[in-house]
Amino acid sequence: MPITPITADSQRRFPRISGHLRSHLPQSASSWFKILIILTGLWAYHNSFGGPFIFDDIPAIVTNRHVHHLWPLWDVLTAAERGAFNGRPLITFTLALNYALGGVTVWGYHAVNLAIHLAASLALFGIARRTIRMRQRLPEGPGTSGAAEGLALAVALIWLVHPLQTASVTYIIQRSESLMGLCYCAALYSVIRSAEAAHPRRWRMAAVVWCGLGMASKPSMATLPFVAFAYDRFVLSRTEADARCQRRSLFLSLITVCAIIGGVLPFITVLAAPEASFPYQPVTPWAYLLTQTKVVWHYLRLVVWPSPLALDYAWPLSTRLADVWPAALGCVAVLILIGWALRRAPVAGGLAAIAVALLALSSSVVPLADAACEYRMYLPLAPIIALIVLGAWRLLGRFAPPSARPRIAAGLLAVSVVVLGSRTIRRNADYRSSDAIWAATVAARPDNPRARLYLGNALIDAGRRDEARAQLTRALQLKPDYAEAHSNLGKILEQQGDLGAAMRRYQRALAINPLLIEAHNNAANVHMRLGQPSAAIAAYHRALQIAPHAATVRYNLGNAYAQQDRWAEAAAAYAAAIRDDPTLAEARLNFGNVLLHQGKTLDAIAQYAELLRQQPAHAAARRNLAAARQRLTSDP
C-alpha cells in the first residue's frame, strides 16, 4: 500500500492529531539540543554496558559486604574496608541500590554511571548557555550572544564524548568522580539561577543541598565555594564588593557545609570501623608537587590528543627540581598568564582559574596514592573545553565571513564529536575484559609493574600461562621486591604441578610482605595438594586474621574442613564466603553439596537455584539440583 504524504490538506483533516503532536514536541532549540546531548551520549557509550568489574571494582563492589544490603543503613553509609571508599556515603549508597536491584549484574552499574554522566552534561549545557548569554563580562565578538545555544551545545557535547571521560564513566567505581561532578555542576547552576531569580531562596537552598551531596561523594567538592565566588565575581557581579554583598550568605552556607561534612565523615568512618586503614603514599608534599608539574602537562596533552590512555599509570615520583624544571617553569608561566588574564580577559582568565582550582586538590601538595589518574580530569576538562570553544568562535569571527560562520562552526563541531566519540567507543572496547584493559594499559605504560602484574593475573585466569609468566617476570625485572608477582608466579608453578618451586615462591613473597593474604592462601592450597589439611587450615586462618572477609580464603577453608569430614565447620566457611562474595560460584555449589550431605535438602536446592540464576549454564549446579529434587520426592 502506498504511503500518503502529510500535506497541509491532510493536517486540516486531522487537526486533533497534528495539534497533539505539536503539543508534545519540544518547541525551543534548547530542548532539541538536550535531546541531541542524550542521544549522542548513548551513541558514544553504547558498547560500555558489558565490561566486567575490574581493578578497584572488585574490593569496592563485588567483595564489599557493606554494599550487599540496604539495611542497616548505618553500615552502608559508613563503609570502611579496603576498597570501600571511606567517607563517601553517597557512593556506597548508590552501589547498594544497584546491588539490591540487580546483584552483581554488571550492566546496571554501567547504566547508572552513564545516566549520571548524561545528567552532568545537561547541567553543564545549562551553565554554559546561561553564562554565554550574560553579555556583561563576555567579549563583544560579533554574534556571541545570539550563538549562546550553539556554543553551549558545543561545550557540552565535546565534554560528553571526550575519551578522557571513560575513566570516570566506563570504569564503574569512578562513579565517585562523575557523581561528584554532577553535584558540582548542579550546585553551580543553582548559584547562577539564584542570581537571576526574583525569589532566589529556593535556588540557594538547592545549591547548598547539591554541595552537601557532592561532599558525600568526594572531598574534591570542597573547592565549590571558591569557584562559585570566582564565577560570581567575574561573571555575575561587576565588582568584588558586589559579589560579597549580594550572595554573602550563600557563600558562607556553602563553606559551612563543606567544612562540616568534610570534617565529620572521616571521623564517623573511623568511629564505625577503627581497624580500617586509609591508603596513602609515603611521599613528601614537595616531591608530590614536583611530580605534578609533569602530570598536569600530560593531562593537557590528553585533552588535545587523547591517546594513549591508561587505566593505571604508576607515575614515577620526582624528588629534585632539576628533573622537572622545564615543566615547573611552564606551570609558573601559566599561573602568571592566568593572573594577567583575570584583569584583561575575565572570561578566559576565569575559565583557566576554575580549571586550576578543580585540579588543585589532586595536583598540588596533597600526596595521594597515585600521582596521575585520568578520572581526575573529569570536571577540569569542562572549563578547558569551554575556553577552546570560545576561542575558536572568536577566531571564526575574525577570519570567516558572517554568513558562513554558523555552517563552519557546525561542521567543526560535527567532526570533533564524531572523532572524539569514535575514540571513546574504541576506548570502551578496551574495558570488555580484564586482559584487554590491562593489555592496553601495558601498551601505554610498558614500565608499569603493577599493570604487568594485573595483566598476568588476567592471563592466568584465561589459561594463558606462558604469556602470564612473561608479564610477571617482566614485573619482577621492573620491581624485584614485588611480593604479589612472586606469589602469582608461584600460582603458575602450582598449576603446572611443580609444588616445591611454587612453595618457594610463596615463601619468598611472604618474606617480602608477611601481610600478603594471597601468598598465605596459595601456600595453604599447596599444603592441601600435598595431603596436609591441618597445615592448610592453619595457613588459611593466618590469612583470615589479616583479611577477615576474604571470600576466596573462606571458600578454601571450607574445602579443607570438608576433606576432614568437619561438615558443620565447612558449611559455616562456605556461608561466610558467599556473604562476602555472592558471585563465588564454587563456594555456593559446595555449600549446597554440604547441606545436601547434612540432610538439609531444601536449603541445598535454594543454593543450587541461586547459582543457576547467576550462571544458567553451570552444569554441576543443574545436575546437583536435579539430584536434590529427586531425593526430596523419593524421601518418605
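Both Y555 and Y574 are buried, where buried means under 20% relative accessible area, exposed over 50% and partly exposed in between, with a 1.4 Å probe and protein chains only. The model here is predicted: local features need pLDDT of at least 70, side-chain atom pairs count only at pLDDT 80 or more, and totals for chains, interfaces and linings use all residues. Residues are numbered from 1 along each chain as its sequence is written, and side-chain values use heavy atoms, with hydrogens and water left out.

Now to the aromatic rings. A pair of aromatic rings is described by the distance of the centres and the angle of the planes. Rings of Phe, Tyr and Trp (its six-membered ring) pair if their centres lie within 6.5 Å; planes under 30 degrees apart count as stacked, over 60 as edge-to-face and the rest as tilted. By this rule there are 10 aromatic pairs. Two of them are set out here.

| Pair | Centre to centre | Angle between planes | Class |
|---|---|---|---|
| Y313 and W315 | 6.1 Å | 45° | tilted |
| Y555 and Y574 | 6.1 Å | 40° | tilted |

Y555 belongs to helix α27 (residues 551-563) and Y574 to helix α28 (residues 567-580), so their pair ties together parts that are 19 residues apart in sequence. Helices here are DSSP runs (H or I, at least four residues), numbered from the N terminus.

How accessible is Y313? Its relative accessibility is 2%, so Y313 counts as buried. W315 is buried too, with a relative accessible area of 15%. Elsewhere, F55, W438 and Y454 make up one aromatic cluster.

Methods
Helix = DSSP H or I, 4+ residues; strand = E, 2+ residues; numbered from the N terminus.
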